[in-house]
Amino acid sequence: MKHTNKAKQGAPALDTLAKRSNVPVELQQKANAFLNATQVDTKVLGGIVKLFAEEGYAHQVGLMHTIEVIFKNLLKRQSVYPADEELTKPGKKSKAKAKAKLKKTLDTDPNAKCFALYNKTWSWLLQRLAGTNKEDANVALKVAMQLIVTEAKHIKHNNGNWPKKHLSSILGALIESETSPALALPAFEKYARCLDVLQLSYELLPQLTPASFVETPQQALNYLGIVNTLDLGKTVLAEQQYHMAGSFDLADTQKLLNIVWQGIIDRCSGVDEQVHRQVLVVLLERILPHLENPILLTDFLMDSLHQFDGPIALLALQGIFSLMQKQNITYPDVYKKLYNMFYPRMFYNKYKARLFYLADIFLTSTHLPENLVAAFAKRMSRLALRSPTEDAIILIRFVCNLLLRHTGLKRLICATAAASAVEIADPFDDTELDPVKTGAINSSLWEMVLLQKHAVPEVANAARFVSKSLPLMEFDLGQLLEMKESDIFDDEVKKVSKQFMLAYERPKNFALPKNDVVTQYFDLI
Amino acid sequence: MGFKTKKSNADAVYSKKSVKSSNPFDSATAQNAKRVNPFDVHVNKEKFKILGRICKHDRGMPGVSRAKALQKRTQTLGKQYAVKDKSNKFVDHRIGKHLSGDQLTESVMNARFLSEKLSQIRASNKAEKFNLNDDELLTHRGQTLEEIEQYRDERSDDEDEENDRLDAEFTSAAHFGGDGDKPQDRQTAIEEMISEQKRRKNEIAKDKDEVYDLTEKLDANYKQLLGLVNTATEDEQREKPPPDAYDKLLKEMIFEPRGSVTDKLIKPEELAKQEAARLEKLENERLRRMKADGEEQETNVQVPHRSADDLDDGYFVAGEEDDDDTLAYDLEGNLGTHLSQKKQADENGADDTEDDDDDEGEEEEEEEESDSEVDNMSDLKVSESESEDEQAAAPQANKPKAKTPKAQPVASMDTSIPFTIKMPKTYEDFTQLLSKYTATQQATVVERIIKCNDPKLDGVNREHVVKLFAFLLQYIKDMFEDASEQDIVSHFQLVSLLMPHLYDLSHLNPERMSNTLLDVLKEKYGDYRKNQKVYPSLETLIYFKIVSNLYSTSDFHHPVATPTYIFMQHILSRARVRTRQDIAMGLFIVSIALEFGASSKRLLPGVFNFLQGVVHMAIPKKQGQDQLEIVPPFERDGPFSKLLAISASKTSKALPTQQMQAADLVTHTITEEFKVRALDTALRLIKHCMEQLVGEHVGAGCLATPFLALFERLSLEPYAEHVHQHYAEAKEALERLATQKMKPLAPPDRKPKALRLLEPRFEVVYDDKRRPKMSKQKEERAKLLHKIKREKKGAIREIRRDTAFVQDLKLKQQLESDKERHEKVKRIYQEASMQQGELNELARAKKRKKF
């Protein structure tokens, strides 16, 4: 931007802005007049800022945009910060002092007045940021970040550095937001992709950690939410985005991240389920790849695996999986837990696809004991008998894969001639919690034979592998995991078939001519 | 060497001998075969006889072949030479000008004739346009047909030719001198002979004329005689002797019917037989469809020993056949075989035929057979009555059923309905039309619309019936969409009346109708998908029932039934159960699913989950007790987990047995009666499932065990006696399945693999020709080159001969012209010398005068 005519600078910007965000006309005029005046009229500015406080003011978004333009201009004109350096020096100690001084100089220096108004504006913005209106929160965050940029550029004492104070206050506002997750969080995620913001945030976060996760779960969740947005992944690093020109040091940031995680884990004992789950999510998605010593997590993960059911256990399982991959830990109990995660209710959980995926990976190893895998195969085929259609297909394919991986399991479907001559009751114990003790290896997959009688032809065909030969290749479960029940219906309907076979016995009334079931149990007519 | 040749000679002799001895007529030539002049034959002497070499040129006929070649040349080259340097040409434009000899068939000649005629007509068309009498004269061998007619003699002329020859008497007399009595001179003898011959001819001609006249007369009189002849023969017939056995048999054989009547009036029993056969065929087809491809190959089936050499050609060893009934479920669900039943019937029939051998016996046998078929059907009927026996626990159901068929004929007699009803154009018209009538009349109206719009009557009706089907579906939807407790029963009655008509409609155009129904189902599924947790509206269930009634739901894969199955499974596994309506609808769907699988025995997991849920809801849950495992959509605890639980009271104990009511499908509040009713129905359905649906399946135990855990917690105290009974029955069935013992799975015995049969490898024939070994391509090429060389040689030779021939022709011409010239010169010389002679003579005379 050129600084030839400062006064007229703001007006066109405001015009374009007005079009975008419905800035009311009178406000626009007011702002234009204010900006076009050579002297800063603090009263007008005060009037505009005061609008924030009005409860019923409808155009909050427009107002914020206007404020943004005004203060950007003022910052460029160097008419916000008082000349006195001391007043504005950041620092906790001098804050009170500075405020006192500020009041004194209010009357004399218009800049000082402006500064007061500026601070006031900031506090309002932060309030909006943590508020319950999504649009407001987003716009407030945007305005705040823009102001930070302008301030860093044009205010001398910043020397082009980040005004950390403001960012810290933004983070603080996000943490203390009324809702969880904070509404502005998705907007913040955009900024979090900028490497400088990333580094600074990690730098600031340890100081902002809520004192106790147990007492203030709301804040804890928000805090974790912020950490979750700070992605140190490869794509982000590769993009090389910066909010402002700045430097980024990955090693430093990783160190900072470790400090943040330390802060989290210290407060993690005895937290409620939701927070615990969030911790695990953050851990798996953001923290784990960058931890210095991930082996320390083992206990934490195992505890969460054993103490909780459902999603938390699953997340822990995933964590353990990555530890197994990278750190070579072994923990045999995992399989027992995994085994017990397969129960009829699982089909109605959201994370069942993830469970299938993980189980598939866990059971990939060919070095697992056969009786363990047999128990899995047996349990899965049992479950297929009670599951919705799409899961039945997945389970059958899964069992098929297991049989392919572990050739010893063929005895489940190919008993020796001597064994197949004797009739036995199923030796598999359904209620046993330990998969090794279920006796599944002595059993046989009768469930598959039963599944061949499934009403849906896809399932029946899938189960046919028992009587035919096993396929040569393993099935790829990935595609199946995405399938929904309704997809099966759609696929079925799409099959173009002209063979509409009709019944050959004419019904004389509501009932079928023979084998009618409905009228046996219903007295309808 | 000498020894060798001797031996080979001996061999040759021996072989000649042996050939001769085998057939003495071998060397004999046929009488009519062309004999070859031995001087024409030229034999190429062969120095050595080489085995395996076929020699074509061992003998030839140079004269003949040369003559042939010459002839060919004169016809081709000679002709060309003749017309050489000549501009005029004779062009043959006739049809088939290239054909000759045998190729000129009748049709070609006819075509030639026709075209010739046409061209003639074209030429004379203008002149003879108005000439009506232009009948062309047809000729045969140059004579007009008319002329031939004129001279035609009725009398056949073959006789006189025969007698043209000299007879024996004459020849003996004339040729061999005769009896020498009258020594006559030759002259008189010949004259006598000629006169004698003439006289004889005359006599014969006269005789013939006489005979001809007489036959003419006879023919004229014959017609008058005819009347007399007829009467006489009749009399004679009467006097005929009584026919003997042979005659009888002959007559029988003559008059025996040779073909069967094509459209005989069919007897009712035959009709029944046909119907039974049709049903059996359809049933077999259905069974085939029911099985997935390759499903027969089940595990654990003991296959009899099969050899590797078994060709699988369906050949059975005699002993095996008896046991070879393929196991199949009959309609009732009993294990049995069609084969065995048939065989029984056959045996019955066989017994009967042994008993009586008369002609009537055949008829009886037929009847017997048809009886056995009827038996088959009655078997089915028995099964129905059996299933009714099962219903007997609830006798109320049968009464209203019995009423409806009675009401129907009355309605069809109703004269207030017009007999022909036009197909309404819009749905509004249709509803308006129906709204005028009562339920039974509505059914009649629909029936008449179908009758009037049968696609066989008019092509447009094809659209009409489809539309009618769609209207009916819409009508059903409108009926059930907001049915209330009061009118639900009447709605069901109406649907019940419409059902046969829906069936008829669907048979008129299965594809279109099914697509219509499928579209409706798709739409319903789309609606349901928007909110999976809520049961769909009642009409969806009615559509399910329609699918069940109209389609062959036992198919392994069916374009309508399979999506319906999936839909039902989806509802049962996802929709929350909270109200009386939900429970009733769930049970309704469960029973439809059982109906679908009644003969195919296919199972839907949702059915079992739902029944478990219903039982679970009937268990009163106390605080502190551990929760029972139950699958969503049912809840483990909370108010909805004990919807059907009741506390003991006198009223509940005194409740009579009851089926589910139509009203249950529309009301929300749960009454005590309903609780008992629902549990009771669930128990009976469990028994039904366990016994009829999965009873025969291997591994059904794992379906039964979850039920048993629930059954243990179900306290029966507050329930009436019939619930106790049903509980006990269901539990018994469950326990039986749970303790079922099974054989571990083993793949079926595969047919042993036969050893690979190898083609025998033959050595290449050894021909002792030492050629360089070449690749196949090269060899081929060499062969071709050789052929070309030979052909070239041949061609050169031919050309040489051609030139020789032409030279010959030229020479001949030259010689001829020379000869001609010589003669001319000679003549000229002659004339000249004569002239000279005369001149000389004149000159000499002059000289003489001088002297």
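What share of the contacts in chain B with a separation of 6 or more is accounted for by residues 24 or more positions apart? Such residues account for 70% of those contacts, where two residues are in contact if their C-beta atoms, placed from the backbone, lie within 7 Å.

This is a predicted model, in which local features need pLDDT of at least 70 and side-chain atom pairs count only at pLDDT 80 or more, while totals for chains, interfaces and linings use all residues. Residues are numbered from 1 along each chain as its sequence is written, and chains are lettered from A, with ligands numbered from 1, in the order in which they are written.

**Chain B**

Chain B holds 26 helices and seven strands; helices (H or I, at least four residues) and strands (E, at least two) are DSSP runs, numbered from the N terminus. Of its 851 residues, 21% count as buried, a residue being buried if 20 or more other C-beta atoms lie within 10 Å of its own, exposed if 12 or fewer, and partly exposed in between. B:I476, in helix α15 (residues 461–481) of chain B, is buried because 21 other C-beta atoms lie within 10 Å. Leaving aside neighbours within four places in sequence, B:I476 is in contact with B:V495, B:E539 and B:I542, and its C-alpha atom is separated by 9.6 Å from that of B:F492, 16 residues apart along the chain.

**Where the chains meet**

The contact between the chains takes 68 residues from chain A and 99 residues from chain B. On the side of chain A that touches chain B, the largest share, six residues, comes from α26(A). The table sets out the classes, in which Ala, Val, Leu, Ile, Met, Phe, Trp, Tyr, Cys and Pro count as nonpolar, Asp, Glu, Lys and Arg as charged, and the others, Gly among them, as polar.

| Class | Side of chain A that touches chain B |
|---|---|
| Nonpolar | 37 residues |
| Polar | 14 residues |

The axes of α26(A) and helix α19 (residues 561–574) of chain B, which are lines fitted to C-alpha atoms over the stretch in contact, come within 9 Å and cross at roughly 170 degrees. The two helices α26(A) and α19(B) are therefore roughly antiparallel to each other, a term for angles over 145 degrees. Here A:E485, A:I488, A:F489, A:E492 and A:V493 in α26(A) meet B:T562, B:P563, B:I566, B:F567 and B:H570 in α19(B).

Strands also join the chains: β1(A) pairs in the parallel sense with β7 (residues 660–661) of chain B over two bridges, pairing being counted if DSSP finds at least two bridges between two strands. Within β7(B), B:Q661 is the bridge partner of A:D523.

Methods. Axes fitted to C-alpha atoms, helices over the stretch in contact; angles between N-to-C directions. Parallel < 35°, antiparallel > 145°, perpendicular 65-115°, else oblique.
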